Amino acid sequence: MIDFWLDSRSGVAPYLQVVQQVRHAFRLGMLREGDQLPTVKDVVASLAINPNTVLKAYRELEHEGLVKPRPGVGTFVTRSLPDDMIEIYRPLRRELESWLVKARRAGLDHESIEALVASTFRAEQDVA
Amino acid sequence: MTWLTWRQLRLQALTLGLLAAAIVVVAAVTGPNLADAVTGNSSPYDQLTSTDRTLFTAGIVVLAVLPALLGAFWGGPMVARELEAGTHQLAWTQSVTRRRWLATKLGLTTAIAALVVGVTSLAITWWSSSIDGAVSSASGALPERLTPVSFAMRGLTPLGYAVFAVALGALVGAIVRRTTLAMAITLAVFIAIQIAVPIWVRPNLIPPTIETIAFSQKTFAGITIRGDQLLIELHTPNRSDWVIANETIDTDGDPATVPEWFRDCLPGVDGGNTAPTRVGNEDPLWDCLTQLTDAGYRQRLVYQSADRFWRLQWAETSTYLIVSALLALASYWWIRHRLA
Amino acid sequence: MTTILEARGLGKRYGRRWALQDCTVDLPAGHVTGLVGPNGAGKTTLLNIAAGVLSPSTGTIEVCGKRPASSAAQLARVGVVAQHTPIFAALTVAEHLEMGARLNLTWDDALAWRRLDALRLDPKQRADRLSGGQRAQLVLTLALAKRPELLILDEPVASLDPLARREFLQGLMEAVADNEMSVVISSHLVSDLERVCDHIIVLVDSKVRVSGDVETLLDTHYRLVGPRRDTTRLPSDQHLVEARSTDRQSTFIVRTEAPIADPVWSVSRIGLEDLVLAYMSQPTEGPRGRPLEVAQ
């Protein structure tokens, strides 16, 4: 089951963080159709956030068609990432892993790698 | 709320209960022997051992001190400690109204105080009843139970004092809101009142007997010298009476000093008591006294007769209990309108 | 939106000093409302009056539809975690629960013991030997087991370490998720309030400066940074909350529903703490003196 966290300094509203984390998990194939999201009570007990926040997030996800509540049971994921998406991820992930090995061997530390990736990513976004 | 109050008072109440039980046991064990030893004896004081005398004094001390201690340790902290710790808020937010809170605390605490002090007083009063006022053939005597020294430590009155002291402590605690300060003030006020009552209140609780009598050998008790004044004292009907005033009055009924010529009349007056050694008209003392009577002087006795002991006890105890009820109402008013 | 607490012109005086003066507040039912303000603003006084522990000197207040402490039944509907979490030092944890069961009209014993078990509190432990966090949890248990309609918490986590604080808020939020309960919690730690509250009231000098739904407030307040500008030149649909200027630069915090069109401004959202601070730093006499009410 997915485990949420809250970044109180990110400036992003708590409910939005929950939505983003569900979407993120979905995109990485960690959430599949039929999986149950944690109950409101469980989320609230672990994060110490207002239950309305969780309810709002789950409502938003339902609005996006990603989840559906089953009264008395819980909230369940209604879609899966298409299997071919996971297939597409696999070779890309392997390429990334070997690139990382190369970068390490070249002497880059953790921060340098992150900076390199971020700036390349941003440059790519600006062009696109 | 009763449970909570008892739980907070439990340890002290049980300790006091044990103390009271111990006193009852000692009284029950030694009492009958004591009564046997002194019954029918003309000078019972001489029959007393030093243990007996110590126990007698201890009995008076215990009953004198107990109400004051209860007032300080049970009354003072009752409201003050809760205010200091903020625990009054805890009770009040557990669906207890302020009235129920105070009524239960005061009610249970004074009830336990009354019970403990009542039982102790009963035991000590019963034990001392055979030797109150015991006289000796030589010198020394035990105080009569109507006198201020004993009256407050006999019968019902200690019970009334205990209830009063606790109620007083609760009110003081509510006003000053600090436990140690409340204890000190309660003690001070209680002691002041206990000193004032025998002087101003008790003599008039029941209208005292006032007699104006002539000097006679039968009634003559003695002459004392205070400074340069002579004071004549006469007997009241019963030795055990509580004499409130014993003063010489002139023809107008006003208190008067004994005239100078009386002193010159008396034989060998050089200080200390003189008592008639011979009965008869040739007695020079009797002559002087007769002259005094002819000159219009009388003696006024104001006293509470010995048979009034229990009436006075009831009167004083109920007065204290009524005042305690008023104090309780004052505490409630203070808490409701000034405190919270 | 129904109100669970309604105060009108509420005041409390000690001698010549007013701890609370002319306070008018509406607390929405079914929400967790945070009460913030500087020390001496009257938060504790207001909460104590609402709890029925203090009588007001002037004004009126109704909690759950009745005057506080007017009856045992009214007291039963309000649960309180008072400042400094007072407990009976000589009583054990179990005895505190027994007290709660005996004194209260409504008492859920099963809930109380379930909480104790989950918190791993030793029932035989004397209350004065508990840690600060355990004390706070005990008092919260006593308040929750009453099944109140309104739960009042006065700075419950102020003196707790971060772990104890987090655990307390977790327990509190779990209870809110379980019950239809309104909560008002006063605190200095705005970051805690941001997680836990969906409604906020800022109280300064006994006056409500702003009261509203947290998300709506955060969505409608912005920080504008730009070249130095006179405050009177702001468009009419932008309400100025706080203004700061150096000789070159102006920083404004404004409230507005409309988008900000002027390109000279660098616009950013502000966090709850900055928003609260902005309202707290306003002068006592505002332009019209009326508080800002923002509905959901």
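**Where the chains meet**

A: Let's start between chain C and chain B: seven residue pairs are in polar contact across that interface, both residues at pLDDT 80 or more. A polar contact is a pair of N or O atoms within 3.5 Å; within protein, one must be able to donate a hydrogen and the other to accept it, and residues adjacent in sequence count only if both atoms are side-chain atoms.

Q: Which element of chain C gives the most to the side that touches chain B?
A: Helix 3 of chain C does, with seven residues. Helices (H or I, at least four residues) and strands (E, at least two) are DSSP runs, numbered from the N terminus.

Q: Before we go on, what should I know about the model?
A: This is a predicted model, where local features need pLDDT of at least 70, side-chain atom pairs count only at pLDDT 80 or more, and totals for chains, interfaces and linings use all residues. Residues are numbered from 1 along each chain as its sequence is written, chains are lettered from A and ligands numbered from 1 in the order in which they are written, and side-chain values use heavy atoms, leaving out hydrogens and water.

Q: Got it. How many salt bridges are there between chain C and chain B?
A: The count is one. Arg7(B) and Glu95(C) form a salt bridge through their side chains, at 2.6 Å from N to O. The term means a side-chain nitrogen of Lys or Arg within 4 Å of a carboxyl oxygen of Asp or Glu.

Q: And what area is buried between chain C and chain B?
A: About 2300 Å², with carbon and sulfur atoms giving 60% of it. On the chain C side, Val53(C), Phe88(C) and Leu103(C) lose the most area to chain B, together 29% of what that side buries. Buried area is the accessible area (1.4 Å probe) that two parts lose on being put together, summed over both.

Q: Switching to chain A, how many of its residues are in contact with chain C?
A: 15 residues of chain A are in contact with 17 residues of chain C, where contact means heavy atoms within 4.5 Å. The area buried there is about 1300 Å².

Q: Which residues of chain A lose the most area to chain C?
A: Lys41(A), Ala48(A) and Asn50(A), together 37% of what that side buries.

Q: How many salt bridges does the rule find across this interface?
A: Two. Lys56(A) forms a salt bridge with Glu215(C), with the closest N and O atoms 2.4 Å apart.
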